[in-house]
Amino acid sequence: MNFFKKKLKVVTHDGYFHPDELFACATLAIWADKNGKKLKIIRTRDKDIIKNVDIVVDVGLNYDPDKNLFDHHQIGRAGTRENGIPYASFGLAWKKYGLEICESIEIANRIDKEFIIPI
């Protein structure tokens, strides 16, 4: 066990907790743990902090999964599902990491359908 391993920094908005960013951060924590990494979650809207972290959730007005940016508040949102339901940050994080967490497309899709979409 390496106690000195760098933690991945995740930023989400400050203020009230919402299921959206809470479950997105939980998803990222499961993914990180599965990959032998740890997370440090920072709650802020400070743009200077946001641009210097590893993953951004539900803040920052950008969605770019290649850069680990998972916000859905920007103009035009962050896309919609085939059923017309818009993605929120939890769904965006799951879209990128769900299959890797579950190791089964069937299970990942079922979790998405029965748990993530309703949130």
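This briefing describes the overall fold, the nonpolar cores and a few individual residues of the structure shown above. The structure is a predicted model, in which local features need pLDDT of at least 70 and side-chain atom pairs count only at pLDDT 80 or more, while totals for chains, interfaces and linings use all residues. Residues are numbered from 1 along each chain as its sequence is written, and side-chain values use heavy atoms, with hydrogens and water left out.

**Overall fold**

- The protein has four helices and five strands, where helices (H or I, at least four residues) and strands (E, at least two) are DSSP runs numbered from the N terminus.
- Read from the N terminus, these elements follow the order β-α-β-α-β-β-β-α-α.
- The radius of gyration is 14 Å, close to the 14 Å that the globule rule gives for 119 residues, so the protein is as compact as a globular protein of that length; the radius is taken over C-alpha atoms, and the rule is 2.2 Å times the number of residues to the power 0.38.
- The C-alpha trace spans about 45 × 35 × 25 Å along the principal axes of the protein.
- Among contacts (heavy atoms within 4.5 Å) between residues at least 6 apart in sequence, 56% join residues at least 24 apart.

**Burial and the nonpolar cores**

- Of the 119 residues, 38% count as buried, where buried means under 20% relative accessible area, exposed means over 50%, and partly exposed lies in between (1.4 Å probe, protein chains only).
- In soluble globular proteins, nonpolar side chains tend to be buried together.
- A nonpolar core is here a set of buried Ala, Val, Leu, Ile, Met, Phe, Trp, Tyr and Cys residues joined through side-chain atoms within 4.5 Å.
- The largest such core holds 22 residues, of which Val10, Leu28, Trp31 and Ile55 touch the most other members.
- Two or more residues of this core come from each of strand 1 (8–12), helix 1 (19–34), strand 3 (55–57), helix 3 (89–102) and helix 4 (105–116), and helix 3 gives the largest share, with seven residues.
- A second, separate core has six residues, including Ile50, Val53, Val56 and Val59.

- Apart from its neighbours within four places in sequence, Trp31 is in contact with Leu8, Lys37, Ile55, Tyr97, Glu100 and Ile101.
- Ile55 lies in strand 3 and counts as buried, at 1% relative accessibility.
- With neighbours within four places in sequence again left aside, the contacts of Ile55 are Lys9, Val10, Val11, Leu28, Trp31, Asn68 and Phe70.
- The C-alpha atoms of Ile55 and Lys67 are 12 residues apart along the chain and separated by 7.6 Å.

- Asp112 is found in helix 4 and is buried, with a relative accessible area of 14%.
- Beyond its neighbours within four places in sequence, Asp112 is in contact with Arg81, Trp94, Ile117 and Pro118.
- Asp112 and Trp94 are 18 residues apart in sequence, and their C-alpha atoms are 7.6 Å apart in space.

**Loop residues with positive phi**

- Asp58, a residue other than glycine, has a positive phi near 65 degrees; its place is in the loop between strand 3 and strand 4 (63–64), and at 5% relative accessibility Asp58 counts as buried.
- Glu103, also a residue other than glycine, has a positive phi near 60 degrees; its place is in the loop between helix 3 and helix 4, and at 63% relative accessibility Glu103 counts as exposed.
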